[in-house]
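Subject: Handing over the structure

Hi,

Here is the structure I promised to pass on to you. Please have a look at it first, and then read on for what I found.

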Amino acid sequence: MSAIDLSTPSLRTGTESVPATDGPQTAKEFTSDQEVRWCPGCGDYAVLKAVQGFLPQLGLRRENIVFVSGIGCSSRFPYYLDTYGMHSIHGRAPSIATGIATSREDLSVWVVTGDGDALSIGGNHLIHALRRNVNMTILLFNNRIYGLTKGQYSPTSETGKVTKSTPMGSLDHPFNPVSLALGAEGSFVARTIDSDRKHLTSVLSAAAAHRGTSFVEIYQNCPIFNDGAFDAIKNNDTKADAIIPLVQGEPIRFGVEGSKGLVRDPETGGVRIVATSDVGEGELLVHDAHNPDPSTAFAISRLTDSGYLNQSPIGIFRQVERPTYDDLARAQVDDAKAKVDGTSTDRLTKLLNAGDTWNVN
């Protein structure tokens with residue numbers, strides 16, 4: 001998947017109301033003077049560099065970009081970017097970002113969160129931001145562990161995971177973040193990898209160009225408390241079989257020389273993996289992220305880790321257009337302020353003074 005050229009105004013649909021910069025910018029201008037403090041080898045470094053390198057492509061003023069984070073290792077992000085930002089409350093970043101996006105149409109709003117912050121205490125806030133389709137981009141760093149609190153199992157840790165809080169192995173069934181986002185009717189849902197700079201930047205470009213809530217899960221390695229969690233999709237000897245690339249309008253194939261592919265499963269109504277030599281080219285499922293029905297995208301997301309350790313579809317699962325909460329809210333306020341029947345009284349004032357109201361002297 002190639003990167004989107006956001007210098008073309010017609011493609012900047014996600015930030016069409018945000019003032020553009022007067023000239024070109026560099027990654028250095030988006031890098032703060034704060035010392036970056038993550039463990040050596042943490043995948044957060046790679047994501048930070050990718051974001052710092054990508055932000056100039058937006059063509060937006062730094063003062064019109066805001067990053068809101070919750071609590072966790074990834075939530076230090078706002079300190080390291082020379083934009084506006086807020087290190088907020090555990091799990092509540094999507095709610096705070098909703099208020100910002102609704103009240104300030106001139107801002108490009110981003111949320112940085114982790115698998116614990118977003119899917120445990122923040123689960124309710126995340127799903128409602130997705131269903132409302134607020135203009136924001138949510139980056140969920142998934143390392144399948146609690147890193148900041150030193151290695152407890154998280155909502156995405158695999159069943160049987162032995163950690164400090166589960167010495168006999170976790171009994172929980174893990175969340176699949178992409179499936180969760182699709183179930184909440186997310187209008188843009190994607191997954192990428194911290195170590196694949198080209199793919200990460202490409203997905204970020206598409207997410208930023210989308211008007212509505214963009215949800216991007218980023219597989220991110222924690223070298224201290226969960227090292228090697230995603231080795232299968234990063235190792236050159238195994239990644240061909242482990243990564244199922246999703247490219248809009250192309251048949252879904254993977255494996256060495258495209259030896260495997262996806263077809264519809266008439267028995268389950270979902271999808272299944274086949275050897276491409278066993279089926280005709282025309283039987284392979286063609287990826288369509290623009291399908292308004294999320295059923296197929298959801299079925300593809302269920303292949304995560306299915307039958308192969310760390311096997312994962314990677315790319316944009318869903319990318320559809322629908323009205324956004326903040327646009328509708330602003331239109332509703334404007335409508336309420338409209339004058340009534342040619343008088344000087346607006347509808348909002350009339351509403352506030354209607355019914356059981358009285359004056360207090």
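L348, L351 and L352 together make a nonpolar surface patch of about 310 Å². One of them, L348, sits in helix α12, which spans residues 347-352. L348 has a relative accessibility of 34%, so it counts as partly exposed. Please keep in mind that this is a predicted model.

Now to the strands. Strand β11 (residues 312-319) is mostly covered, with seven of its eight residues buried. Strand β5 (residues 188-193) runs antiparallel to β11 and is joined to it by four bridges; there, F188 has Q319 of β11 as its bridge partner. Strand β7 (residues 243-246) also pairs with β11 over four bridges, but in the parallel sense.

Two bridges hold the antiparallel pairing of β8 with strand β9 (residues 260-264), and F254 stands opposite K260 in β9.

Next, the interior. In soluble globular proteins, nonpolar side chains tend to be buried together. The largest nonpolar core here has 35 residues, and V109, F215, L262 and I300 are the ones that touch the most other members. Helix α3 (residues 93-103) gives the most to this core, namely four residues. If you set aside neighbours within four places in sequence, V109 is in contact with V66, A97, I100, A101, N135, M136 and T137. Another core, of 33 residues, lies apart from the largest one; V18, L55, I65 and F188 are among its members.

Finally, the charged pairs. Side chains of opposite charge can pair when their charged atoms come close. The structure holds 14 salt bridges, and I picked out a few for you.

- D82 and R62 meet through their side chains in a salt bridge, at 2.9 Å from N to O. This pair links distant parts of the chain, 20 residues apart: D82 is in the loop between α2 (77-80) and β2 (84-87), and R62 is in the loop between α1 (43-58) and β1 (65-69). D82 counts as partly exposed because its relative accessibility is 34%, and R62 counts as partly exposed because its value is 29%.

- E217 forms a salt bridge with R191, and their closest N and O atoms are 2.8 Å apart. Distant parts of the chain are linked here too, since E217 belongs to strand β6 (residues 213-219) and R191 to strand β5, 26 residues apart. Both E217 and R191 are buried.

- R330 forms a salt bridge with D327, with 2.7 Å between the closest N and O atoms. Both lie in helix α11 (residues 325-336), three residues apart, which is about one turn of the helix. With 16% relative accessibility, R330 counts as buried, whereas D327, at 24%, counts as partly exposed.

Enjoy exploring the model, and write back with any questions.

Best wishes

Technical notes
Residues are numbered from 1 along each chain as its sequence is written. This is a predicted model: local features need pLDDT of at least 70, side-chain atom pairs count only at pLDDT 80 or more; totals for chains, interfaces and linings use all residues. Side-chain values use heavy atoms; hydrogens and water are left out. Patches are made of residues with over 30% relative accessible area and no salt bridge: like charges are joined within 9 Å, nonpolar side chains (Val, Leu, Ile, Met, Phe, Trp, Tyr) within 5 Å. Accessible areas come from the Shrake-Rupley method with a 1.4 Å probe; for residues, only the protein chains shown count as cover. A salt bridge is a side-chain nitrogen of Lys or Arg within 4 Å of a carboxyl oxygen of Asp or Glu. Buried means under 20% relative accessible area, exposed over 50%, partly exposed in between (1.4 Å probe, protein chains only). Two strands pair if DSSP finds at least two bridges between them. A nonpolar core is a set of buried Ala, Val, Leu, Ile, Met, Phe, Trp, Tyr and Cys residues joined through side-chain atoms within 4.5 Å. Contact means heavy atoms within 4.5 Å.
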